[in-house]
Amino acid sequence: MSEIILETKDLTKHFGTFRAVDGLNLKVSKACIFGFLGPNGAGKSTTLRMILSLIKPSSGSVRIFGQDLQTHRTQILGRIGAIIEKPDFYPYLSGIENLRLLSRWYGLRPDARKIEEMLDRVGLSGRGKDLVSAYSHGMKQRLGLAQAMMHDPELYILDEPTTGLDPKGIIELRELILDLKRVYNK
């Protein structure tokens with residue numbers, strides 16, 4: 001069996017009397033693609049938010065890279081690239097300027113070549129100088145994926161990454177996700 005990269009035990013989240021997630025136990029192996037399927041309101045995004053410690057579970061635990069999320073949060077999150085629901089950017093900045101700013105947030109020196117490589121990889125070649133306010137929803141999704149890839153994380157957590165993409169974009173994104181697994185062992 002492959003190394004377990006993500007594990008939840010009895011993960012539960014209540015919002016008042018509503019139980020959004022009820023005792024979820026899962027194990028995700030390294031270098032596999034794992035997907036949540038279910039109708040709206042099934043708890044998929046809530047689960048991902050707990051896994052990324054954006055919201056606190058009512059009970060249960062999360063282990064990532066073999067470490068407890070609650071006690072090793074900073075170290076763990078630095079090794080993850082994520083998009084939760086729709087990515088937000090500074091609309092008055094260009095795609096390149098947003099990635100440059102976000103690179104600094106990751107503690108990276110903004111590298112023009114790396115930014116161009118990420119934009120190319122997600123299908124935004126030639127659009128990096130455009131203001132994000134002029135981007136379509138699908139282009140913002142692509143920019144969000146570029147942002148998630150900037151620091152070369154070991155694990156990607158993507159919440160509905162194909163939202164807003166046209167059929168060709170969906171195929172390209174699926175191929176990119178497969179490449180992250182096949183070529184980069186993510």
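At 32% relative accessibility, Glu154 counts as partly exposed, a class that runs between buried (under 20% relative accessible area) and exposed (over 50%), with a 1.4 Å probe and protein chains only. The side chain of Glu154 meets that of Arg79 in a salt bridge, with N and O 2.6 Å apart. The model is predicted, and local features need pLDDT of at least 70, side-chain atom pairs count only at pLDDT 80 or more, and totals for chains, interfaces and linings use all residues. Residues are numbered from 1 along each chain as its sequence is written, and side-chain values use heavy atoms, with hydrogens and water left out.

**Salt bridges**

- Side chains of opposite charge can pair when their charged atoms come close.
- A salt bridge here is a side-chain nitrogen of Lys or Arg within 4 Å of a carboxyl oxygen of Asp or Glu.
- By this rule the count comes to 10 salt bridges.
- The pair of Glu154 and Arg79 links distant parts of the chain, 75 residues apart. Glu154 is in the loop between H5 and strand S6 (155-158), and Arg79 is in the loop between helix H2 (73-77) and S5.
- Helices (H or I, at least four residues) and strands (E, at least two) are DSSP runs, numbered from the N terminus.
- Arg79 is partly exposed, with a relative accessible area of 28%.
- Arg142 and Glu172 also meet through their side chains in a salt bridge, at 3.2 Å from N to O. This pair links distant parts of the chain too, with Arg142 in helix H5 and Glu172 in helix H6, 30 residues apart.
- Arg142 counts as buried at 15% relative accessibility, whereas Glu172 counts as partly exposed at 33%.
- Glu175 forms a salt bridge with Arg182, and their closest N and O atoms are 3.5 Å apart. Glu175 is partly exposed, with a relative accessible area of 40%.

**Packing of H5 and H6**

- Two packed helices are described by the angle between their axes and the distance between the axes.
- Helix H5 (residues 137-149) packs with helix H6 (residues 167-182) at an angle of about 10°, and their axes are 12 Å apart.
- This makes H5 roughly parallel to H6, since angles under 35 degrees count as roughly parallel, over 145 as roughly antiparallel, 65 to 115 as roughly perpendicular and the rest as oblique.
- On the H5 side the contact is made by Arg142, Leu145 and Met149, and on the H6 side by Gly169, Glu172, Leu173 and Leu176. Contact means heavy atoms within 4.5 Å.
- The axes are lines fitted to C-alpha atoms, for helices over the stretch in contact, and angles run from 0 to 180 degrees between N-to-C directions.

**A buried lysine**

- Lys13 lies in strand S1 (residues 4-15).
- Lys13 is buried yet has no salt bridge, and the nearest side chain of opposite charge, Asp22, is 13 Å away. For charge, Lys and Arg count as positive and Asp and Glu as negative, while His and the chain ends are not counted.
- A polar atom of the Lys13 side chain lies 2.8 Å from the backbone oxygen of Lys56.

- Ile80 lies in strand S5 (residues 80-83) and is buried, with a relative accessible area of 5%.
- Leaving out residues up to four places away in sequence, Ile80 touches Leu52, Ile64, Phe65, His151, Pro153, Leu155 and Ile157.
- From C-alpha to C-alpha, Ile80 and Arg109 are 18 Å apart in space, and they are 29 residues apart in sequence.
- Ser103 lies in helix H3 (residues 95-105) and is buried, with a relative accessible area of 1%.
- Apart from neighbours within four places in sequence, Ser103 is in contact with Leu108, Pro110 and Met150.

**Positive phi**

- Most residues other than glycine have a negative phi, and most peptide bonds are trans.
- Ser53 is not a glycine, yet has a positive phi of about 55°. Ser53 is in the loop between helix H1 (44-51) and strand S3 (59-64) and is partly exposed, with a relative accessible area of 22%.
- Asn185, a residue other than glycine, has a positive phi near 55°. Asn185 is in the segment after H6 and counts as partly exposed at 44% relative accessibility.

Key
Polar contact = N/O pair within 3.5 Å; in protein donor to acceptor, adjacent residues only side chain to side chain.
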